[in-house]
Amino acid sequence: MNSTKSRRKVGPASAAQNGAESADKLEQLLLSSAICNNEDLGPFIRKAFSSGKPETLHHHLRNFARSKESEIEEVCKAHYQDFILAVDDLKSLLSDVESLKSALSDSNSRLQSVAGPLLSSLDAFLETRTVSLNVDLALQSLATCIRLIEVCARSNHHLSNSNLYMALKCLDSIETELLDKTPSSTLRRMLEKKIPEIRAHIERKVSKEFGDWLVEIRVVCRNLGQLAIGQASSARQREEDLRIKQRQAEEQSRLSLRDCVYALQEEDDEEDDHGDSTSGFDLTPLYRGYHIHQTLGLEDRFKKYYFENRKLQLTSDFQVSSMTPFLESHQTFFAQIAGFFIVEDRILRTGGGLISKMEVENLWETAVSKMCSVLEDQFSRMQTANHLLLIKDYVSLLGVTLRRYGYPVDALLDVLSKHRDKYHELLLSDCRKQISEALAADKFEQMLMKKEYEYSMNVLSFQLQTSDIVPAFPYVAPFSATVPDCCRIVRSFVEDSVSFMSYGGQLDFYDVVKKYLDRLLSDVLDEALLKLINTSVHGVSQAMQMAANMAVMERACDFFFRHAAQLSGIPLRMAERGRRQFPLGKARDEAEDMLSGLLKAKVNGFMTLIENVNWMTDEPAQNGNEYVNEVIIYLETLVSTAQQILPAQVLKRVLQDVLSHISENIVGVLCGDSVKRFNLNAIIGIDVDIRFLESFADNQAPIFSEGDANQLKKALAESRQLVNLLLSDHPENFMNPVIRARSYNTLDYRKVVTILEKLRDQSDRLFGTFGSRGAKPNPKKKSLDVLIRRLKDVS
């Protein structure tokens, strides 16, 4: 049992030993296979060392080597004969080599003896060549140094002559081409130190020149702006002169189309000749500074510095001094700004990107905003129209000037248009004062002109003449001195109004000028004349002079509107179509009414003589009554005087009013209480009086016309129709509507009844009934009685 147990114990160990041996064999086979196949033995070595059994690997390699020795032995045995033959060949070759070696030794000895001198010569050559190379290198270094010194000298020369760009180019040349090649380290260090200092010096010098330019350019900008605006003013004046010539040509119809075209071309040529006179300002310091900074690589910094400084200058230009009136400083103020933007436009176009279009536009927007606010503030303070006009004209010239350079100026023109009403109100106020002073100085005397220039200045310039024939001098005008004075005031108003409206962005402004001209004439001049008539006119001569003045002013008003149309640039036919009624109508009517009233009062003094008429006369007055003779004498004297100064139509209206008043007085006397009764002889005398008056009216036909003379006679219609009715054989026809409308249309039937009741026949005398008892009744008396009854029935 024990042996069995022991076998059971040994059996597994034997099996393990057998397994290990088979594993060793397998590993040896694998190693042999790898060696034969020239494979990498690294995995086997690592495995052996990792397992801690390198002896096993060494044992396997030794076994492989023993196995291969036998193979080598077998190969050697197989090739032994060949090996013996090869050894024999080697021995014969060795003897040949020995003989060759002795031959080579001899050759070498001979070569050494021959080449020795050559080698010494070669060594001398190499030494000489080295010296030559050193000399060449020294010469090259010297040439480099000489060139460097020359460039440095040129740089110093350029610096001394302020040729800064060329000096910088020399420095760049030194840095890029010569500095690295400089053999002298001392010279190189010196240049590396000095070049930045020189550049800094150039930058400081250019900056100083640019700073000086910034100071100078402000004065240049002001002068440049004044020059540019002055050129715009000259161009505007040439345009105005051309318009005047064209208006004269239109009026006279004497210039041909060719002449007009030539004149226009001549003006254009003048414009071209003077168009570039604003190009004389110097931008060299600016462009040199910009170029130098570009060369220094500081372009952006210079742009920023330039823009900030120019912006600060513009801001300082906006300052309006409170110590100096704006009227005195406005030209400098606007000229400075105009010159600033003229310079900026040139820099924008020629500066190579120094300033951008956007930056210029931003500066212009700021400037426009500031100028508008300054104008608003200053205009709100001004109380004189002429001051406002002066500033407006200069601002409009500023707009014309800068518009040529592409700057928008609509905002400025809008400010001017906004204050249009204030300007005209101030202008109306000034004209009101001037007109009041002119009228207050009026002496109501005809104006005496001794020279032709006086006639031209006071008559022709306002187209007041009634004939193209120049009168003889001295010449007594039909108007007083106040007429040309007022005409000058109104013409000045028109020209100032047109001047303010012109060049303000509005092309068609005649309606605006016409509106304010209407206001001046109707609200200012008309009221002033009315006041003068009501307060200062006390006599017939003054009233007559005033009426004559108003007739002349009517022609003057036509001239004012034509003048306004011409200055506004519209055809006269359009102005004629839009003409309104006479704007001084109230003053004209008041002057004529005043003259008529004074004449009526004068006539009333003569009409008091009608009280001396014998209303119950036995014989009619064949030569007229006393009153009518006095009246006619006065009227004839009046006409002889009035026709010298009064126009025919005015004189006709006044005489017509006076004659109508005389007719009313005659009817009033017959109707009044002063006449208790009258007879036909008295009426026949009144008929003679009226005939004298009608003859006086007919005698005025040479002064007026036949139709106007008939109108004067119609002024006596009431008294004439009354006398005709009283002398009619059939007075009852008064009740016939047709006859009444034709022959008695001016009579009031109530007055007719009153007058008819006062009419007495010759038989109605006191105690006349005793002598006429049994006489045949008068049929006319019966007709009058019937007419009276019928009229009373109607009433």
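**Entry 1. A pair in α16.** I looked up Lys 514 and Asp 518 and found that their side chains meet in a salt bridge, 3.7 Å from N to O. The model I am reading is a predicted one. Both residues belong to helix α16, which covers residues 510-536. Lys 514 and Asp 518 stand 4 residues apart there, about one turn of the helix. I then checked how covered the two partners are. Lys 514 has a relative accessible area of 16% and is buried. Asp 518 is at 10% relative accessibility and also counts as buried, because the cut-off for buried is under 20%.

**Entry 2. Another pair in α16.** Asp 523 and Arg 519 are 4 residues apart in α16, so about one helical turn separates them. Are these two partners buried or partly exposed? Asp 523 counts as partly exposed at 33% relative accessibility. Arg 519 counts as partly exposed too, at 28%. I also wrote down a network: salt bridges with shared partners join Asp 687, Arg 691, Glu 694 and Arg 720.

**Entry 3. A pair in α8.** I moved to helix α8, residues 299-317. Glu 299 forms a salt bridge with Lys 303, and the closest N and O atoms are 3.4 Å apart. The two residues are 4 apart in α8, so they are separated by about one helical turn. Glu 299 is partly exposed, with a relative accessible area of 26%. Lys 303 counts as partly exposed at 24%. How many salt bridges are there by this rule? I recorded a count of 25.

**Entry 4. Thr 315.** Thr 315 also has its place in helix α8. Its relative accessible area is 40%, so I put Thr 315 down as partly exposed. I then compared its position with that of Thr 366. Along the sequence Thr 315 and Thr 366 are 51 residues apart, and in space their C-alpha atoms are 9.1 Å apart.

**Entry 5. Helix α17.** I looked up α17, which runs over residues 540-568 and has 29 residues. From its first C-alpha to its last, α17 reaches 41 Å, close to the 42 Å expected at 1.5 Å a residue. Why is α17 described as largely enclosed by the rest of the structure? It is because 21 of its 29 residues are buried. Just after α17 comes Gly 569, which takes a positive phi of about 80 degrees.

**Entry 6. Backbone angles.** I kept a general point at hand for this entry: most residues other than glycine have a negative phi, and most peptide bonds are trans. I therefore listed some exceptions, with that point in mind.

- Phe 444 is not a glycine, yet it has a positive phi of about 55 degrees. I found Phe 444 in the loop between α13 (420-440) and β1 (446-449). Phe 444 counts as buried, at 12% relative accessibility.
- Gln 463 is not a glycine either, and its phi is positive at about 55 degrees. Gln 463 sits in the loop between α14 and β2. At 31% relative accessibility, Gln 463 counts as partly exposed.
- The peptide bond from Phe 473 to Pro 474 is cis, with omega near 5 degrees. I placed Pro 474 in the loop between α14 (452-458) and β2 (475-480).

**Entry 7. The whole protein.** I finished with the totals. The protein has 28 helices and 2 strands. Of its 795 residues, 38% count as buried. I looked next at contacts between residues at least 6 apart in sequence, and 79% of these join residues at least 24 apart. The protein exposes about 44,800 Å², and carbon and sulfur atoms supply 53% of that area.

Note on methods:
Residues numbered from 1 in each chain as written. Predicted model: local features only at pLDDT ≥ 70, side-chain atom pairs only at ≥ 80, totals over all residues. Heavy atoms only, no water. Buried < 20%, exposed > 50% of the residue type's maximum accessible area, 1.4 Å probe, protein only. Contact = heavy atoms within 4.5 Å. Areas by Shrake-Rupley, 256 points an atom, 1.4 Å probe, with all protein chains shown as cover. Salt bridge = Lys/Arg side-chain N within 4 Å of Asp/Glu carboxyl O. Expected span 1.5 Å × (residues − 1).
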